Amino acid sequence: GPHHSRTPQDRTAGVCVKARHVGLKPQTQPSHKLTGNARFWEGLEIINTIVLSCFSSEDDSSVFATNSLQRRKKGLALTGLNPGATHPRGKSGPLIGPPQNFRQISSIIDVDILPEAYRRVRLHKHGTNKPLGFYIRDGVSMRVTAQGVEKAPGVFISRVVRGGLAESTGLLAVNDEILEVNGIDVAGKSLDQVTAMMVANSHNLIVTVKPANQRNNVNRASKTSMGNTGSVGSAGSIGSALSHDSPSPASHSNPITARSKGDLQLLLFDSLNPYSRDGARNGATAAAAGRPFPQSVSMPNSMGVSLSNSASYSQDRNYNHAGSSGRERMREDGTMITL
Amino acid sequence: MMKFRFRRQSTDPQREKIKQELFAFKKTVEHGFPHQPSALAFDPKLQLMAIGTKSGAIKIYGAPGVEFTGLHKDATAVTQILFLPGRGCLLSVLDDNTIHRWELVAESTREVGGVKKEGVVSLREVDSYSLPGRPGIESSSATRATVLLLLKSCDLLCVGTEGGGVYVLELPRLSLKENQTLLQDHVTQSLPDDYRCGKSLGPVESLQEHPQQAGKILIGYSRGLVVLWDLSSRHADQLFLGKQQLESLVWERSGNLFVSSHNDGGYSVWAVTNGNIYNHQPVSSTIPYGPFPCKAITKILWRTTHSPVILYSGGMPRASYGDRHCLTIQQDKEHVTLDFTSRVIDFFTVHNMDNDKEFDDPSALVVLLEEELVVIDLLTPGWPSLPTPYLAPLHSSAITCSCHVTNVSTKLWERLINAGKAQQSRRHTHRKWPICGGKSLAPPPRQQELLLTGHEDGTVRFWDASGVALTPLYKLSTANVFHTDCDPIDDPHDPCDDPDMQQQEEEEEWPPFRKVGCFDPYSDDPRLGIQKISLCKYSNKLVVAGTAGQVIVLGLNDERSDHLVDVSVMDLLQDREGFTWKGHDRLEPRLKPAPFLPGFQPLVLLQCLPPASVTAVALHAEWNLVAFGTSHGFGLFDYHRRNAVLARCTLHPNDSLAMEGPLSRVKSLKKSLRQSFRRIRKSRVSGKKRAVITTTSKVQEANAALAEQEEVAPVQRRIEPRSADDSLSGVVRCFCFADTFLRDGTHHGPTLWAGTNSGSVYAYALEVPGVDSGRTCERGGASESSMCVEAVLGKEIQLMHRAPVVSICVLDGRGKPLPDPYEASQDLSIAPDMTNAHSVLIASEEQLKVFSLPKVSAKTKFKLTAHEGCRVRKVALVLFSSAVQEDYSEHTLVCLTNMGDMHLFNMPGLRPQVRFDCIRKEDISGIASCVFTKNGQGFYLISPSEYERFSLSAKVLIKPQCSVQLLRHLGHIKILDSSLQASTLVVMGDVNVASKSL
């Protein structure tokens, strides 16, 4: 497969590590050639080019073990401060592979606090014309409870459209059970309600799923070698508290020690539009893509995992927060206001 | 926590207490006519009428305001109701062959949660009895109840069955008296051989107790045999060997005669003379509408006065009038065939029951039809009909929209009543309402409330919604503004205008039909349908907008007037190219002056082009402005100067569907044809007498249900954000007129806000001559241009989530909604705060947001859909008053969602207060029809003909309050005094009764 190589940049305070157990498999083998022409990137429809870069940073322990869903404001506040945001506009060099040339399309978030059997996926719909591209249906979910296995109504992904955002991430598949939509439990909600919730959040959709295929889960238990152990307890307790549904013994006995400071994120980039095209409107992309990557590790299958500290990752701002007077994305153009 | 929740409201006990004093959800009363009535009964002693429905409801009505409701546990059709006269008890027979006993029960005063609740009178099911052999078992149809008879002594109930047997049950326990059972074999034995001829007598069709001799009953069998049976001696006194298939029997008051009605459209009078056991021939036999084959006379009544009155349903000549729903009244030479628009379910007369009196002397005939209740005054010559004080057929033409007006001034009220009186036909009398049982104890309404309903036929009906009984006040027709195919005014031979002509016609016609009732589901032109209504109660201006883009501005006039209506056409496409309207044409305005009756008379007719249905309307009578929107754009019109102020296209270039027209003429004709066929088919099916349910049909039903369930399972939903080019994105959903700060924070002035289906909001600054706005003052002096209203686009807001904008409301400096037009200028309400910054509430289907003005930056919001997965359907700003503290009230935003629940939010903080489940989420038409009052009540349609009234307020409740004097336990008089707690669901053992108290 093609290799993406780039130089680590000095500005990052992060410690770069190499992810060793990445169970995700690309949906298709990338077949593009790496040429030095930026135009090539603009025109090419390559979806499954995923950069692998793993790093963690030691700053900002305050956000440790908090749910990224609740950290919206933090991310917002950091948007402007990120040094990476200084990437010059329109200067897409001939280099191939720098993350600036990739638009983030999805990420796995909160890996540290979720039970291993679950996956929390953020889909970045903004700025793309690509459809989200999936369907959901009613179904029956098997839950392990103290009383044994129970059947409960659940909502599942019924179809993933070819060429859609959902398919291109490789993180959502048919028969994955939807557990949460932007942090809100869907238990007891009808299919129409879940649909409405997803559509309402479609500009920044975070779905927590229980993948039908459990073999590709990020296996935290085996990554015990890195990071400090300072926060094992709290992370572990959250993990176990959440694992009401078929808890993995590993998450109890081997609480997350890897990357204990800062949670794990798996960022997936889409190479459709270079960053420069996205413009300042897309703050999240700007921040994420603009952040210097300390190191990139090429994987044979050319798919990547970026494990980053979410504090340096700017969250999309338009997250709903009850009663919050949250900042609005606002554009004023004469009398025309977009809110 | 994996479960992420929005910040919980801290449960402040103080706040919780206030909430309890403000909010309480209750379904209080059902207005209108019960859907699919199936049984009727009358208690002559208590003067109460009961109606049973196909869904298992029982409703009791007495004097206006006296109402009781009960619901059977199973939603099975009520086939018969019997009152135990004077006792406040009744028996109901259901389609599943069960008998239920109901009582009006007074609960003793009790303490509930520290609050003393007064004794509540409610209708309760106290007992039930299942006749041996339930349907579903083939053999059981023999014991299926066909008719019931309650003996006058009220201790025995005779049940006639399909198999021809008569069973006797003892009351009140409803226990079977085995030894009293009369099987058909027993009767057959005593028949002469030539009559017997080996055939069964058929089901029991009628049971009637002898009017003078207790314990003797008349049993009529389907084949025609009538037996006078003595229950005590268990012996047939007399046998009447009728040969014609029997439908019904009725005694004459003296007991010397009885009348039988038959399948062939005839009736026979039989003499009951002692001595001869066998009667072979009736005294007389007539087929009133013969000689050609006639339909059956399903029920006959024979009432005595100086000369007998015969009343019967059916019997029409099969070929020519077989499809008519008729009831005939005959006395001497008087003969009237009441011609109804829906099926006759049952009827009774209100007459003298006193044994001392010589005659029945019926005073009124009460006819329960499938769609309305008709009462005929039998004391007034000509037998005119009586207007009903309740059970109004709301749906006489299908309801298309509604609108509620609180606190109507007495002056306007009286003018409406007078306008209504002027339209009442000559055929109405104002005799006292004959069903006058019970006494309404409800205090006189605190204020006059109007409910306006718009209908498919272009009428707007004004209802008195101040009390428990929804009564019609006035009907406005908009059809005469237009030139329609069946123009009544163009027709010189209109019988309504010419009494002599009518008389003549009646004499010539046979049978002598008379159209009675007002249920008329057939609309002449669907384009006339009313879509939006707005009434200004201070200036008596009314705006009515309809399906073909018509917007009519009307004013109240107490005199009849013949005038030409000004017409103005508004092009909402604004020369946008590439669009061709494929929908219906606009209505043709009448070119000649038309006579308009006292009441609301049209001043201006606006017609939108393309003539798409009007989707939003707003009236600001103080500024003489009306705003209206369709799926293509919106317009603003100054009706005082007859001047179009503004027209704006809201169409998205990619929206092709908007051009098709939601109601193209061809389509709608097809549709209405299909619907009328369906209606006919439906009424035919429902008209069948007693469908026998067999095992096979039950099994088939179950299988069908199962198959349906399996089919339902694989439903999937696409997850995609709304795109800008979704169809019908240009539909204008709401307007708001407000005197507020749009351009800067120091000068306020008139503004108009409009919201669309795709989350766009347009805000215009208006310059209205004579209205003090900062701008006009600056200019100093009325220049030529300020003589007409001007609109300048101030802001154009696009909501990111693109959800339809449901409502816009401007809040003053204190966060309170601005008062209605005239209220501020005429000191009718507290003046709005114009010193502090205003804000605007924009409610979309997904979110509620308050923005500051004039900058339009978000202050507070609540993302309902993102949190709950439900979508906003209706919103209203309601002033809730505390039930405890006299002067405490709060403005609250009430949200009805597509899940049928009510979410209440405080203003302007948008913090959730309470949530109530209100409407079933499957009941889409119920949710769509919901309207709120300004004081925390609401109405929604529970059937095409009924409004459920509910209250969200702990203080404002309109519910039945009444007392009934019962004669229970042989003359012991018990007075049940009731206070009212409505709609409680009482679960007693396994008997589940929803009762509405009185």
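Reply: Cys294(B) is buried, with a relative accessible area of 5%; buried means under 20%, exposed over 50% and partly exposed in between, using a 1.4 Å probe and protein chains only. This is a predicted model, in which local features need pLDDT of at least 70 and side-chain atom pairs pLDDT 80 or more, while totals for chains, interfaces and linings use all residues. Residues are numbered from 1 along each chain as its sequence is written, chains are lettered from A and ligands numbered from 1 in the order written, and side-chain values use heavy atoms, without hydrogens or water.

A disulfide is a pair of cysteine sulfur atoms within 2.5 Å, and a search of the whole structure finds 0 of them over all chains. Cys649(B) is likewise in no disulfide, with the sulfur of Cys608(B) as the nearest, 12 Å away. Cys649(B) is buried too, at a relative accessible area of 9%.

Now the charged side chains. Lys537(B) sits in the loop between strand 39 (530-536) and strand 40 (541-546) of chain B; helices (H or I, at least four residues) and strands (E, at least two) are DSSP runs numbered from the N terminus. Lys537(B) is buried but has no salt bridge, and the nearest side chain of opposite charge, Glu823(B), is 4.8 Å away. Lys and Arg count as positive, Asp and Glu as negative, and His and the chain ends are not counted. A salt bridge needs a side-chain nitrogen of Lys or Arg within 4 Å of a carboxyl oxygen of Asp or Glu. The side chain of Lys537(B) instead reaches the backbone oxygen of Thr406(B) at 2.7 Å and that of Asn407(B) at 3.4 Å. Beyond its neighbours within four places in sequence, Lys537(B) is in contact (heavy atoms within 4.5 Å) with residues including Val405(B) and Leu412(B).

Other charged side chains do pair, and the structure holds 36 salt bridges over all chains. In chain A, Arg120(A) pairs with Asp110(A), the closest N and O atoms being 2.6 Å apart, and both residues are buried. In chain B, Glu30(B) and Lys59(B) meet at 2.5 Å, N to O. This pair links strand 1 (residues 23-32) to strand 4 (residues 57-61) of chain B, 29 residues apart, and both partners are buried.

Terms used. Polar contact = N/O pair within 3.5 Å; in protein donor to acceptor, adjacent residues only side chain to side chain.
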